[in-house]
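Please read each point alongside the sequence and the coordinates.

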Amino acid sequence: MSDMRAIGFTQNLPLTDEKSFIEFFEPKPMPIGHDILVKIIATSVNPVDTSVRRGTTDPLDQPKVIGWDAYGTVEAVGSAVSLFEPGDRVFYAGSFKRPGTDSEYHLVDERIVGHAPTHLTPAEIAAVPLTSLTAWEALFEQMHLNFDAPQANAGKTLLVINGAGGVGSMATQLAHLAGLTVIATASRPETIAWTKAHGANAVVNHRQDLVAQVQALGYPTVDYILELSNLNQHWSEIVSLIRPSGTIVSITGKTKSPLDLQALKTKRATFAWEWMYTKSYFETPDMISQHQILERVAQLLDAGTLVSTLNKTLTPINAANMRTAHALVETNRMIGKVVLTNAD
Ligand SMILES: NC(=O)c1ccc[n+]([C@@H]2O[C@H](COP(=O)([O-])OP(=O)(O)OC[C@H]3O[C@@H](n4cnc5c(N)ncnc54)[C@H](OP(=O)(O)O)[C@@H]3O)[C@@H](O)[C@H]2O)c1
């Protein structure tokens with residue numbers, strides 16, 4: 001068995017400490033069953049990476065390898081694999097339960113993998129999978145909107161709280177393509193400009209009163225709210241702004257205090273969570289829908305209908321660049337995505 005390079009951590013150290021990420025060697029894994037072995041060419045850093053690293057309370061015996069977004073080529077396939085063959089270019093967002101993509105080679109179940117778009121650079125591709133899956137599932141599964149029915153969606157309003165982050169800049173584009181009127185939030189000139197460039201019809205500031213600003217645009221309420229930043233902070237605004245029988249989806253899990261769901265009763269509004277990892281975590285029967293979503297996203301990217309949200313590229317994939325990328329994400333001021341790549 002040969003070895004491969006990997007990047008990991010054994011404890012939660014400040015990113016200014018060189019040991020906060022270390023490079024080491026570990027056995028190269030072999031694919032069995034539905035797994036494919038992917039040679040990683042590019043990976044991006046998401047807030048989940050920083051929260052898993054920072055949530056490590058006790059020192060670990062072995063380095064932990066995280067990282068979810070990936071672009072790479074298929075090196076080998078398990079005996080049950082039917083969707084891919086060696087040499088295929090793929091992109092995916094991985095499983096929460098398995099070792100991450102911050103390594104030279106990576107095992108992933110084929111059912112959550114898509115064929116990569118052909119007209120984009122490796123970095124542009126690696127910026128997309130986790131955020132597009134999250135945005136797609138939130139809008140078209142949890143909100144039950146139909147991506148292919150822009151005429152039916154015309155006139156429906158969606159408020160996206162956190163429009164310029166990784167997920168927001170995908171969700172805004174997808175909702176715009178699906179025909180909705182999108183109001184997104186951003187608080188700085190750079191994030192406001194980015195949000196408008198990614199399909200928002202109007203932008204309001206999440207550091208000021210959202211209710212007053214949305215109503216000043218002429219919308220007493222909105223049909224849908226997608227919450228992508230701080231559920232507790234925005235909860236009372238969400239309750240005020242959702243229309244009767246409207247739908248709210250949140251992706252930000254760690255609420256500081258219990259949510260007052262009772263507040264939605266008179267409006268009989270629906271509240272649903274989105275967790276991009278649910279399907280692979282529980283190996284649900286519809287797990288292959290992530291393959292289908294990524295295939296669709298690749299088509300939209302190749303057609304130029306959807307654009308990659310890549311904003312910063314770090315080369316190569318090493319511990320120093322991993323520290324830089326994590327530091328950027330930890331600012332909570334990201335615009336689009338940061339990607340690490342070994343490609344030229
Ligand atoms: N459940 C899931 O499956 C799932 C999937 C992906 C991400 N997530 C979670 O979703 C959140 C967003 O992820 P992301 O990758 O889009 O984040 P991100 O790219 O790091 O978001 C950065 C943006 O957040 C905005 N922001 C900061 N504070 C805000 C506030 N109080 N209200 C509204 N916006 C605020 C900033 O805008 P300004 O600079 O303009 O203020 C900045 O542009 C994270 O908590 C992440 O862990 C969950």
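Which residues does Lys267 touch, not counting residues up to four places away in sequence?

1. Lys267 touches Val239, Ser240, Leu241, Ile242, Arg243, Pro244 and Ser245, where contact means heavy atoms within 4.5 Å. Lys267 itself lies in the loop between β12 (242-250) and β13 (270-273). The C-alpha atoms of Lys267 and Gly246 are 7.9 Å apart, with a separation of 21 residues along the chain. Helices (H or I, at least four residues) and strands (E, at least two) are DSSP runs, numbered from the N terminus.

2. On provenance, this is a predicted model in which local features need pLDDT of at least 70 and side-chain atom pairs count only at pLDDT 80 or more, while totals for chains, interfaces and linings use all residues. Residues are numbered from 1 along each chain as its sequence is written, and side-chain values use heavy atoms, with hydrogens and water left out.

3. Arg268, in the loop between β12 and β13, has a positive phi of about 40 degrees although it is not a glycine. The peptide bond from Thr315 to Pro316 is cis, with omega near -5 degrees; Pro316 is placed in the loop between β14 (310-314) and α11 (319-330).

4. The chain is assigned domain 1 (3-128 + 278-341) and domain 2 (132-273), with bounds from an automatic or database domain assignment. Their C-alpha centres are 27 Å apart. The contact between them takes 22 residues from domain 1 and 21 residues from domain 2.

5. Between them, domain 1 and domain 2 bury about 1900 Å², of which 62% is on carbon and sulfur atoms. Buried area here is the accessible area (1.4 Å probe) that two parts lose on being put together, summed over both. Ile293, Arg296 and Ile335 supply 27% of the area that domain 1 buries against domain 2, more than any other three residues.

6. There are 26 residues around the ligand, among which Ser187, Thr191, His206, Met276 and Met334 come nearest; a residue counts as near if one of its heavy atoms lies within 4 Å. The shell divides into ten nonpolar, twelve polar and four charged residues, with Gly counted among the polar ones. Each of domain 1 and domain 2 gives at least three residues to this shell.

7. A polar backbone atom of Gly166 is 2.8 Å from a ligand oxygen atom. Nitrogen atoms of the ligand lie 3.3 Å from a polar side-chain atom of Ser229 and 3.4 Å from one of Asn332. Taken alone, the ligand exposes 940 Å², and the protein buries 90% of that, using Shrake-Rupley accessible areas with a 1.4 Å probe. The elements giving two or more residues to the shell are α3 (129-142), α5 (166-177) and α8 (231-241).

Terms used:
Polar contact = N/O pair within 3.5 Å; in protein donor to acceptor, adjacent residues only side chain to side chain.
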